[in-house]
Amino acid sequence: RIGLTVQCRHRLPVDWLSEIRPPWEEEYDDRFLEEQAEKGGIPVCCLFYASDIGHLPTLTRILDLMLLEGAKCGLAFPSTWYDYQPELLEQLYVPVDAGGVYPNVEPLLVSAGTGVAAEAEGYLDARTLTDSIKQAREQIADQVGPRLAPIGYYPFQDACPAYKHQTGQPQFAAVEASGVKYCITYLHENTAPQIVYRGDKLIAINQQTLHWHPRSVVKTATVRIKEWEAKITQTGRAGWIVFGFDSPFYGLAPGYLRFMEGVLGAMEYAIGGGQSKKLFLAKPHEVARYAEILKRNGVV
């Protein structure tokens, strides 16, 4: 066709990334988390997930949100995002005072890492799941270096295949073999904080939201955090609150005009300590580390 433009890309090394510490190394130290555990602290984690390349437009909305002072979150997305928007994803590693969001956002792998899958036993072969997550980490390492390849994993249907809650069994051993260090699972979702799997190299903890449920969108995040805050404090023990947000509902038009403000309010509530003054905002890996401390203390 006359006038057709052919685009050529030349990848240049991103030298400055070698000087950046991974977001999971810029976290609360052990002493802080242990002090929180002693006084019954409750970390609140906002975890956005985007399961495919079609959700990529949500990234800019989430990056804008994370400019809030004191904000922290997890963002689970497939490795393909690095192929199509490497420049935008560099914002994850640019310090806040230089215009980025580092270290406020922790990237995680979602689903099978390279694409969407029902990861439950009997739906996806275990070796395929392991290899797919490994491939995703290698693809990301090729873009930003091995040190910055995600160590966290957030599935899509590991316990809820065919969108039916608690009907599947996660394949934690297959996930562990991929090299990731922790997992936020849908097993025992919307229940009290608990460690649902502990292997030699992987810990899996549950989340306090019921995914794909109208309440996750209609009911404000702040109200639900208050509900879990009351449940946990009434037990007199420490715990955590992990909320999964389906990114398209919150980051795509016209939904973001209604729902992203709700996430903002929830973060501000947690940053302020909540009604109990025991809440604090945390990234996913920080919550996983906190769960380990609570386990050592005999709390979970």
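The model is predicted, so local features require pLDDT of at least 70 and side-chain atom pairs count only at pLDDT 80 or more, whereas totals for chains, interfaces and linings use all residues. Residues are numbered from 1 along each chain as its sequence is written, and side-chain values use heavy atoms, with hydrogens and water left out.

**Stop 1: N206 in strand β7**

Keep N206 selected and display the secondary structure. N206 belongs to strand β7, which covers residues 203–206 (helices, H or I with at least four residues, and strands, E with at least two, are DSSP runs numbered from the N terminus). Is N206 buried or exposed? N206 counts as buried because its relative accessibility is 0% (buried is under 20% relative accessible area, exposed is over 50% and partly exposed is in between, with a 1.4 Å probe and protein chains only). Now show the surroundings of N206. Residues up to four places away in sequence aside, N206 touches T185, L187, H188, T191, A192, P193, Q194, V196, W240 and V242 (contact means heavy atoms within 4.5 Å).

**Stop 2: helices α8 and α10**

Select residues 221–235 for helix α8 and residues 255–271 for helix α10. At what angle do the two axes cross? They cross at roughly 35 degrees and come within 7 Å of each other (axes are lines fitted to C-alpha atoms, for helices over the stretch in contact, and angles run from 0 to 180 degrees between N-to-C directions). On the α8 side, the contact is made by A221, T222, I225, K226 and E229; on the α10 side, by G262, G265, A266 and Y269. Coloured by class, the residues of this contact divide into four nonpolar, three polar and two charged (Ala, Val, Leu, Ile, Met, Phe, Trp, Tyr, Cys and Pro count as nonpolar, Asp, Glu, Lys and Arg as charged, and the others, Gly among them, as polar).

Two further residues may be selected on these helices. E227 has its place in helix α8 and counts as partly exposed because its relative accessibility is 28%. G255 is found in helix α10, where its 13% relative accessibility makes it count as buried. With residues up to four places away in sequence not counted, G255 touches F249 and M260.

**Stop 3: the aromatic rings**

Next, select the aromatic residues. How many aromatic pairs does a search of the whole structure find? The search finds 14 (rings of Phe, Tyr and Trp, the last by its six-membered ring, pair if their centres lie within 6.5 Å; planes under 30 degrees apart count as stacked, over 60 as edge-to-face and the rest as tilted). One of these pairs is F77 with W81, which is stacked, at 4.8 Å centre to centre with 15 degrees between the planes. F77 counts as buried at 1% relative accessibility, and W81 is buried with a relative accessible area of 0%.

Move to F48, F243, F245, Y250 and F259, which ring pairs link into a cluster.

**Stop 4: L129 in helix α5**

Select residues 126–144, helix α5, and find L129 within it. L129 counts as buried because its relative accessibility is 1%. Residues up to four places away in sequence aside, L129 touches A112, E119, L124, Y153, Q171, A174 and V175. C-alpha to C-alpha, L129 and A238 are 34 Å apart, and they are 109 residues apart in sequence.

**Stop 5: backbone geometry in the loops**

Where does P103 lie? P103 is in the loop between α4 (86–89) and β3 (105–110). Select Y102 with P103: a cis peptide bond joins them, with omega about 0 degrees.

S111 is in the loop between β3 and α5. Its phi is near 50 degrees, a positive value in a residue other than glycine, and S111 counts as buried at 0% relative accessibility.

End at Q166, in the loop between β4 (152–154) and α6 (172–177). Phi of Q166, a residue other than glycine, is also positive, near 55 degrees. Q166 counts as partly exposed because its relative accessibility is 36%.
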